[in-house]
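Okay, everyone, thanks for coming. Let me put the sequence and the model up on the screen, and then I'll walk you through it.

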Amino acid sequence: NKFCEIINLISSKCFVPLTAGGNLNDINEVKNYFENGADKIFLNNAFHNNSQLCKEIISIYGKQSLIAGIDIKKKNNEYFICKDHAQITTDIKLKDWIKFILNEIGAGEVLVQSIDRDGTANGLELDNDFLENFTNLNVPLIIMGGAGKFEHFIEALNKEGVDAISTANLLNFIGDSFVKIKQNLIKQKIQTVEWNMNEMKDLKGINK
């Protein structure tokens, strides 16, 4: 309930799509998130352990409301699925898992996180062995894990098939990095909404 209060507060100030998730196991919990302002739900382990919940969300709210989280590790030039908070590496290949969540479940977006690169700031997973898994993907692809400088965003978003980047540390710990990333993307002719620092400073009063 406390987390739903936070979602409600964020949604009252945030006018871009808001995604929420974290240990959701029941459709009533999901409904509570939506009723408090979430636009989309993010699930990862549920695709392994509770596929019925995933299907139920889609049947009620539509496929665009569900983002599938996928954790991967690379072994011998192939990518395999991790589960249980990336503690277990399965023998499921990324390409097969993509087919399952899109064809059998019907998720509206996929977010793929490289466990090997997460937290390294050495760049995102962008080699051909990785990208070929998403040929003719008919939903948005978000990639995550390894973004450490502005050039990593530009490099990734210039790759065919990559629609978005998810990142945390770069934005959380480097003051005006969010504004600077957008400015650099615009200079490179990559379409994004421009922000300015004054608007960012205004947001600091959100809890008032």
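This is a predicted model: local features need pLDDT of at least 70, side-chain atom pairs count only at pLDDT 80 or more; totals for chains, interfaces and linings use all residues.

Numbering starts from 1 along each chain as its sequence is written, and side-chain values use heavy atoms, with hydrogens and water left out.

So, the core. By nonpolar core I mean a set of buried Ala, Val, Leu, Ile, Met, Phe, Trp, Tyr and Cys residues joined through side-chain atoms within 4.5 Å. Buried is under 20% relative accessible area, exposed is over 50%, and partly exposed is in between, with a 1.4 Å probe and protein chains only. The largest one has 51 residues, and Phe47 and Phe130 are among those with the most contacts inside it. Helix α5, residues 94–105, gives the most to this core, with six residues. Helices here are DSSP runs (H or I, at least four residues), strands likewise (E, at least two), numbered from the N terminus.

What does Phe47 touch, beyond its neighbours within four places in sequence? Its contacts include Cys54, Leu66, Trp97, Phe100 and Ile101, contact being heavy atoms within 4.5 Å.

Now Ile57, over in helix α4, residues 51–61. Ile57 is buried, at 0% relative accessible area. Leaving out residues up to four places away in sequence, Ile57 touches Ile27, Val30, Ile41, Leu43, Gly62, Ser65 and Leu66.

On to the rings. Phe, Tyr and Trp rings (six-membered ring for Trp) pair if their centres lie within 6.5 Å; planes under 30 degrees apart are stacked, over 60 edge-to-face, the rest tilted. That gives five aromatic pairs. One of them is Phe3 with Tyr33, edge-to-face, at 5.6 Å centre to centre and 65° between the planes. Phe3 sits in helix α1 and Tyr33 in helix α2, so this pair ties together parts 30 residues apart in sequence. Buried or exposed, what is Tyr33? Tyr33 is buried at 9%, while Phe3 is partly exposed at 38%. Elsewhere, Tyr79, Phe130 and Phe134 are linked into a cluster by ring pairs.

Last, a pocket: on a 1 Å grid over the protein atoms alone, an open set of points where a 1.4 Å probe fits, with protein on both sides within 12 Å along at least five of seven lines; lining residues have an atom within 4 Å of a point. The second largest pocket is lined by 13 residues, with Gly22, Asn23, Asn44, Asn45 and His85 nearest its centre.
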